[in-house]
Amino acid sequence: MNLTELKNQLEQIIDPSNDLSVGETSSIKNLSYDEKKDLIILKIAMGHLGGENEKKFRRDIARVVKIDCGYSGLQLELEESKIFNSITQKPINFIGIISGKGGVGKSSVAANIAYRMSKRGIRVGVIDADVYGSSLPTIFEIPHQNPHFDDNKKILPIVKDNMEIISTEFFTNPGQPVIWRGGMLNSMISHFFYDVKWHDDTQYIIVDFPPGTGDITLDIKSIVPQTKMLIVTTPHLSASHVAIKAGHAAKTLGHEIYGVIENMSYFINPINNQHEKIFGEGGGISVAKGLETELIAQIPIGAPKHHQDLYEIDELQGKIYDEIVDYIICKCEIK
Ligand SMILES: Nc1ncnc2c1ncn2[C@@H]1O[C@H](COP(=O)(O)OP(=O)(O)OP(=O)(O)O)[C@@H](O)[C@H]1O
Ligand SMILES: [Mg+2]
């Protein structure tokens with residue numbers, strides 16, 4: 001059997017750590033044949049190394065190479081999968097925005113962080129992982145459109161300034177609800193991570209999570225285990241209480257928490273400039289304490305002056321988002 005046929009067979013193998021096939025995740029990094037030694041040399045990535053999953057994966061690969069395809073020797077190297085920039089070959093920093101409770105401003109925070117990065121000339125990708133409640137296209141004021149594909153069938157995200165955005169909204173008809181679950185949902189989300197042709201200079205990808213700690217959060221954990229999390233809460237106890245749970249869930253899954261952003265912290269009364277704490281106070285700090293992390297910022301309530309949901313640098317919220325970007329850049333390992 002030749003190498004192309006072997007590759008096809010290997011691509012059918014399911015990685016038990018994320019239930020995705022080797023083909024779906026383009027995990028084969030190197031496949032060659034050493035004629036002198038009659039040896040297949042294979043380098044392949046998997047979601048998570050270790051434990052029973054790695055043992056099973058190794059067994060399945062060896063079965064395909066030796067039994068199904070009849071090669072006598074196999075030199076196998078496994079590595080943990082990372083999503084790399086196609087040109088620089090540097091791994092990309094994934095920043096996830098989570099909250100627990102809905103409606104606290106996750107999408108607004110995700111969009112404004114990406115927008116400020118973009119304004120600073122940083123190439124940034126945005127993944128709208130809130131498949132059912134997708135709102136980023138509206139926040140970015142992007143008219144409905146379908147993405148195109150390149151020659152390698154990679155999805156070309158929608159470009160706005162230095163941002164590239166991918167959302168289920170672009171794959172459905174306007175107003176049509178998404179009614180997928182299980183495998184289809186997992187496969188859609190995995191396409192967003194593996195099959196998008198990001199700009200070659202992309203350093204950061206911001207992921208807007210759905211509220212709660214459901215299936216999508218688990219799927220993303222298996223796809224990009226190295227996603228770092230920012231937790232959004234309001235000052236109100238009802239939000240902070242659930243945010244702590246979401247943070248603990250993320251930690252249990254092995255994600256690092258970069259910090260907490262308290263949104264809708266106060267309203268500046270235009271008459272007397274007093275900070276009115278409409279939604280109570282203390283939520284942000286209690287989440288930060290509960291998760292042993294930092295309260296990065298407190299964002300006031302206020303309608304943006306220039307856009308529907310995005311703040312510019314001449315607004316207090318815009319300045320705060322700029323500081324959040326500084327914080328993220330400083331924290332990220334991959335510069
Ligand atoms: N600081 C703020 N000041 C005023 N309005 C805000 C602020 N932050 C968010 N909003 C508004 O609150 C609403 C909810 O925000 P957003 O959609 O970002 O929340 P979410 O957590 O993503 O919600 P969901 O859980 O439904 O995805 C939006 O209408 C948004 O414009
Ligand atoms: Mg949202």
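**Close-up views of a predicted model**

**View 1. The β3–β4 hairpin.** β3 and β4 form a hairpin, with four residues between the two strands. In the turn, D38 has a positive phi of about 50 degrees. This model is predicted. β3 spans residues 28–34 and β4 spans residues 39–46. The two strands pair in the antiparallel sense, over six bridges. L31 has its bridge partner in β4, namely L42.

**View 2. The open sheet around β4.** Three strands make up an open sheet, in the order β3-β4-β5. Its pairing is mixed. β3 and β5 (73–80) are the edge strands, and each pairs on one side only. Neighbouring strands of this sheet are turned by 10 degrees against each other on average, direction ignored. Strands of a sheet pair through backbone hydrogen bonds, either parallel or antiparallel. Here β3 and β4 pair in the antiparallel sense, while β4 and β5 pair in the parallel sense. The β4–β5 pairing runs over eight bridges. Opposite L39 stands G73, a residue of β5.

**View 3. Helix α2 on the sheet strands.** α2 covers residues 51–68. The helix lies across β4 and β5. Relative to β5, α2 runs at about 145 degrees.

**View 4. The shell around ligand 1.** Ligand 1 is surrounded by 18 residues. The closest are G102, G105, K106, S107 and S108. Three elements each supply at least two residues of the shell: α3 (106–119), β14 (257–268) and β16 (295–301). The largest share comes from α3, with three residues. By class, the shell has 10 polar, five nonpolar and three charged residues.

**View 5. Helix α7 and its packing.** α7 runs over residues 237–252, 16 residues in all. From first C-alpha to last, the helix reaches 22 Å. That is close to the 22 Å expected at 1.5 Å a residue. The buried residues of α7 are A239, S240, V242, A243, I244, A246, G247 and A250. They pack against β6 (93–98), β13 (228–233), β14 and α8 (283–290). After α7 comes G254, with a positive phi near 100 degrees.

**View 6. Helix α8 and its cover.** In α8, the buried residues are G283, G284, S286, V287 and A288. Their cover includes β13, α7, β14 and β16. Two of these elements, β14 and β16, also supply residues to the shell around ligand 1. E292 follows α8, and its phi is positive, near 55 degrees.

**View 7. I165 in strand β11.** I165 is found in β11, which covers residues 163–167. Why does I165 count as buried? Because I165 has 25 C-beta neighbours inside 10 Å, and 20 or more are enough to be buried. Beyond its neighbours within four places in sequence, I165 is in contact with V126, L136, F140, I142, P157, I158 and K160. L316 lies 151 residues away from I165 along the chain. The C-alpha atoms of I165 and L316 are separated by 25 Å.

Key. Residues numbered from 1 in each chain as written. Chains lettered and ligands numbered in written order. Predicted model: local features only at pLDDT ≥ 70, side-chain atom pairs only at ≥ 80, totals over all residues. Near = placed C-beta within 6 Å. Nonpolar A, V, L, I, M, F, W, Y, C, P; charged D, E, K, R; others polar. Expected span 1.5 Å × (residues − 1). Buried ≥ 20, exposed ≤ 12 C-beta atoms within 10 Å, placed from the backbone. Contact = placed C-beta atoms within 7 Å. Pairing = 2+ DSSP bridges. Axes fitted to C-alpha atoms, helices over the stretch in contact; angles between N-to-C directions.
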